[in-house]
Amino acid sequence: MNAPLFSLARLDWTIYLSWIGVLAVLLIPAGKKEAIRWTALAFAAASLVVACVGLFTWAPATGGSGMDALRASFKPFEVTLPWIPALGASYHLGADGISLPLLVLTGVVAVTGILFSWNQENRVKEFFAFLLLLVSGVYGVFLSLDVLLLFAFYELAIIPKYFIIAIWGSTRKEYAAMKLVLYSFAGSSLVFVGIIALWAKAGGTTFDLLALKEVAFATDFQVFCFPLIFVGFAVLAGMWPFHTWAPTGHSAAPTAASMLLAGVVMKLGAYGCLRVGIFLFPEALTAYGGFWQLTIAVLAVIGIVYGAGAALVQRDFKFVVGYSSVSHMGFVLLGLVTLNTVGLDGAVLQMFSHGIVASLLFATVGRMVYDRTHTRELSELRSMRLVTQLPFAAVVFIIGGLASMGLPGFSGFVAEMQVLVGAWQHFPWLTIITGAGIVVTVWYTFRAFLTAFFGESGAGGEHLEPLPPITWQERTASFILLALLVLVGVLPSILLDRIDASAQLFINSITQAIP
Amino acid sequence: MPLLPLLAGVVGMLLPLSQRRLAFGLAVGALGASALISIGLLLGAVQAGGEAAPVVVNFTWLSFGGSALKLGFVLNPLTAVMIAMVSFVALLIFIFSHGYMHDDRAYARFFAFLSLFCAGMLGLCVANSLVLLFLAWEIVGVSSYLLIGFWHEKPSAAAAAKKAFLVTKLGDLGFLVGILWLYGQTGTQLLFDDGFGVLEDAQLQSLRAATGVFFGMNLAGVLALLIFCGAIGKSGQFPLHVWLPDAMEGPTPVSALIHAATMVAAGVFLVARTYPLFAADPMALDVVAWVGSFTALLAATIAVAQRDIKRILAYSTVSQLGFMMLGLAVGGVAVGMFHLITHAFFKALLFLGAGSVIHGSHHQQDIFKMGGLRGPMKTTFVTYLVGTAALAGVVPFAGFWSKDEILLSAWHQHAYGPFALTMVASFLTAFYMTRQVALVFFGANRNVDEHGHAHHAHESPLSMTAPLMILAVFAAGIGLVGTPWANLFGHFLEPRAEHAEANLGFMAVATVVALAGIGAGWALYGRLAPKSAGDDPLARVQPLYRWLEHRWYFDELYATTVVRLLRILAQLAELIDALLDLAVMAISGGLRALAQAFFWTDEHLVRPAARLLAAAARVGGGALSRLQTGRVQRSLSAVTFGATVLLGLLLLVMFAR
């Protein structure tokens, strides 16, 4: 039933290629830094190609809307192998229109992240090995159709994170790494309890997501178990008030890790909320007059406005971008709990879009600015008038910033608009407050942009040592990210057709469950 | 058609800065083609007459949840008039810019931005979908940001650009909410869609039926007001007018393009475009009328006390936009749009004239430091005079007809409050324009630097004066298409509506008001002695003058209220974060204390106990060792013991299950 190992239908190669990449990097002598970089890049790029092929070969199943259609939508890339038969856990992988864009995103961020880490000189070998290991875990989560397997990959993605930040990070790196890991594990333990509970409740025979879906969980159990899983995953998605790890962690991490952290790891949380929490326990959201739905929506909107507000007063350039991630992930969470197709489409597209935007902004701040000036304090950057020395960085930052504001023509606009349209149906007032968050986004983006790159009058950059010029790796990676932002902004249907097909099946499957 | 400038803009931005000629050719070529097409479309529409049904093209942009989001284009008389005006005026401004920006390093980039701007503007005019309109609206916003902040070496320019973007974005918020609400309510955001568009009867009926949404207004009215928020931001109406005058930091052709003919008019156009929604609720129109007329007066009073030639024009623009809003509210689409069109020509003329003056007098912008320019700058002087006459409302220049129509409609609609406000505003308009002309072109040259050397002004090159002359012709004559005797314009836009009759007595009153303003201005400034440079006779009327000079202290008011409030909230967010961190630290501290407690028990209870057991084992081992020859190592015995206990526990657990 599995497709042959060497065929285009084996998306799991994204995981294996990353593992082989880890091994390959470890086998190269530590002195050959250039070879290590190229190897890492090659394997990341190969995974990206596999993911892209998957995206473009997957066709939404036509007709049908029930469980059968849902199962069928995973079929093209399904892989099933025995794993722990005693527990009912299997190595069950698959992908649909929701996971495919995220797989592509992971590949893009990995490739550009490696390009932006080309200047990493310290323990290069270990750095790229950890990076690829992290990426493999991310691929695994997006492909898992088995709850325990998903959880295992999820943990696999978190552990390298600690080492990357603690070893290669900057400013309070140990503190940040520890904070990140503690938060993650606190979330994970909630999730783990939830998973065990649902496994036991379902008879202790299977961890299979699709099989569990067909178990009719009692409403009370759903209401008990849902918050464990949703909140547990949402910690990693940066849901307010569990977000404070995010700015600290993002800021301390080296550039590629910030990109991966904000770009894809935060999406793991949101993906878990969606794939496990909402998928299995939809009734929990609507029970008791929609208590959990409203609560999460309120928390999401607080996150949007609050993150934007906090970004406005940061003194560290990277913290600005860190808080903006909290704000943008609020849109994802808001979209998830709308429980309608438009909102869900928007949430998934926002995951993709924010992944690109956050990568771009972190790369600008971390690689282009910090690695050259060795400061991220806005007050110090202010006197440098970086625009004279790094016009490229300024242009990339402002385009990324405009995309982050959700300006039409960029992917963020389509995503945020769909989330707002979806949210309007349930909570018009929250939607209006969200709008206020967008205005603050404009404000903090311009504040950071003008202070960091334009600075004060008279204080020309003449006292400054000439900075190293922008490298071709940085240019290439920036162009890839910018091109994607515009491409998806102008032709959203290349992703949205796929997302929408799966989102409809998803919403159908949960509305059928809700009495 | 908007695609042409868009392409030119994108290509232009990718060009290296050295490709000046190519950039200019590309921009002008693309826009020229657009202008030709637009004028062709206008002529076609005129031939078809105002009764013809709008031409609509819709297509699906993206689909979700079984429904589709469509975009589309529409061509009706309103569109045709607007695109023809925009592309034609913009073309003249492009040509003017060639002369004005000739020495600028980033000349090529400038034209790319201009093209992008025009693309957005034209897109906005032809959009048949609120989403597409919003998209173009934002392109206009971004490119105007780029253009205002074009001289980013000047911090004031960068700050002004940011302010412009932020303030207009605030208005856009209302607009966005309006679109969302409308979409949520009707399931469509197309304006015309074979009877199902939001501006067509079926949807309007249902929107009108939903009453009592907000202060007794019906839903159509509420939606109209939300859309009006966007217009307030873009068109610089009170209370969001503060960005427009600061935006004068951009190059002068930009001011002419953005702040005279196009971008600021976009707000007015938006109201005109969605007019059926406004018309569905008289209260919505009342709000528009009051906002418009108050803005008209407010800005006119401020303009009286400004010294910067461009700022005066900027406030004048704000004021005239207020007139247009009032015109829409009391007279309908044709009345408001007529003033928009005439204003576009004469205000573009004035801005370009001001640009020519600034260019000719070595970038001096303070009108008290000019004077006597009528000699050296003849063409500029004459054309500027035409523009002034048009703006002040002198018969038979363009502004007279359109302004008169607005005032007359207000009178007929019994909107006496707004009518009175705008009457005073038109008096002030004539006054401040006379003040400006007198100070700039008459009297003696006061442009003296600190060493006492006088700067001698020179006339601008032909690429700058030619557009001035063309615009002057239009500023003088365009009003004739909308005179009350033969209101071609009104019939074209609103074939079925009734148009105001000619009222000679009313015209006489309006003329007297304008002449009174001019007379007062001339009396005060006409013979200003060269020595009193820098002294405004009005400055004797303190504290009123200072109040006006500081623009009613609006900037200060906002800085101390809105801006500070937001900052405090943002600080609050950071504080909460610190508290959350503290809570986490407390929890982890508690956990650590617990761990310490475990460690302590381990150290003081478990380990002694283990030692005790080990000792017991040793005794036992000793006993055994007596039987055997070898000695059992202490550590090994401990390990054995531990393993035994573990095994025992394991067995216990297994059996317990």
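**View 1. Helix 11 of chain A is mostly covered, with 25 of its 26 residues buried.** A residue is buried if 20 or more other C-beta atoms lie within 10 Å of its own, exposed if 12 or fewer, and partly exposed in between, with C-beta atoms placed from the backbone. Helices (H or I, at least four residues) and strands (E, at least two) are DSSP runs, numbered from the N terminus. The model is predicted: local features need pLDDT of at least 70, side-chain atom pairs count only at pLDDT 80 or more, and totals for chains, interfaces and linings use all residues. Residues are numbered from 1 along each chain as its sequence is written, while chains are lettered from A and ligands numbered from 1 in the order in which they are written. Helix 11 of chain A covers residues 255-280 and should span 38 Å at 1.5 Å a residue. The expected span is 1.5 Å times one less than the number of residues. The end C-alpha atoms of helix 11 of chain A are 36 Å apart, which agrees. This helix bends by about 40 degrees at L261(A). The bend is the angle between axes fitted to the seven residues ending at a residue and the seven starting there.

**View 2. Strand 1 (residues 79-84) and strand 2 (residues 89-93) of chain A pair in the antiparallel sense.** Five bridges join them; strands pair if DSSP finds at least two bridges between them. T80(A) has H92(A) as its bridge partner in strand 2 of chain A. I84(A) stands opposite A89(A) of that strand. Four residues lie between the strands of this hairpin, and G88(A) takes a positive phi near 85 degrees. Four of the five residues of strand 2 of chain A are buried, so the strand is largely enclosed by the rest of the structure.

View 3. Most residues other than glycine have a negative phi, and most peptide bonds are trans. P241(A) sits in the loop between helix 9 (219-236) and helix 10 (245-252) of chain A. L339(A) counts as buried because it has 22 C-beta neighbours inside 10 Å.

**View 4. In helix 10 (residues 252-261) of chain B, 10 of 10 residues are buried.** Among them are P253(B), L257(B), I258(B) and H259(B). The cover includes helix 3 (77-100), helix 5 (130-148) and helix 15 (333-360) of chain B.

**View 5. Chain A meets chain B through 39 residues of chain A and 33 of chain B.** Contact means C-beta atoms, placed from the backbone, within 7 Å. Helix 19 (428-454) of chain A is one of the elements giving two or more residues to the chain A side. It gives the largest share, 10 residues. By class, the chain A side has 24 nonpolar, 12 polar and three charged residues. Ala, Val, Leu, Ile, Met, Phe, Trp, Tyr, Cys and Pro count as nonpolar, Asp, Glu, Lys and Arg as charged, and the others, Gly among them, as polar. The predictor gives the complex an ipTM of 0.75 and a pTM of 0.80.

Definitions and conventions
Contact = placed C-beta atoms within 7 Å.
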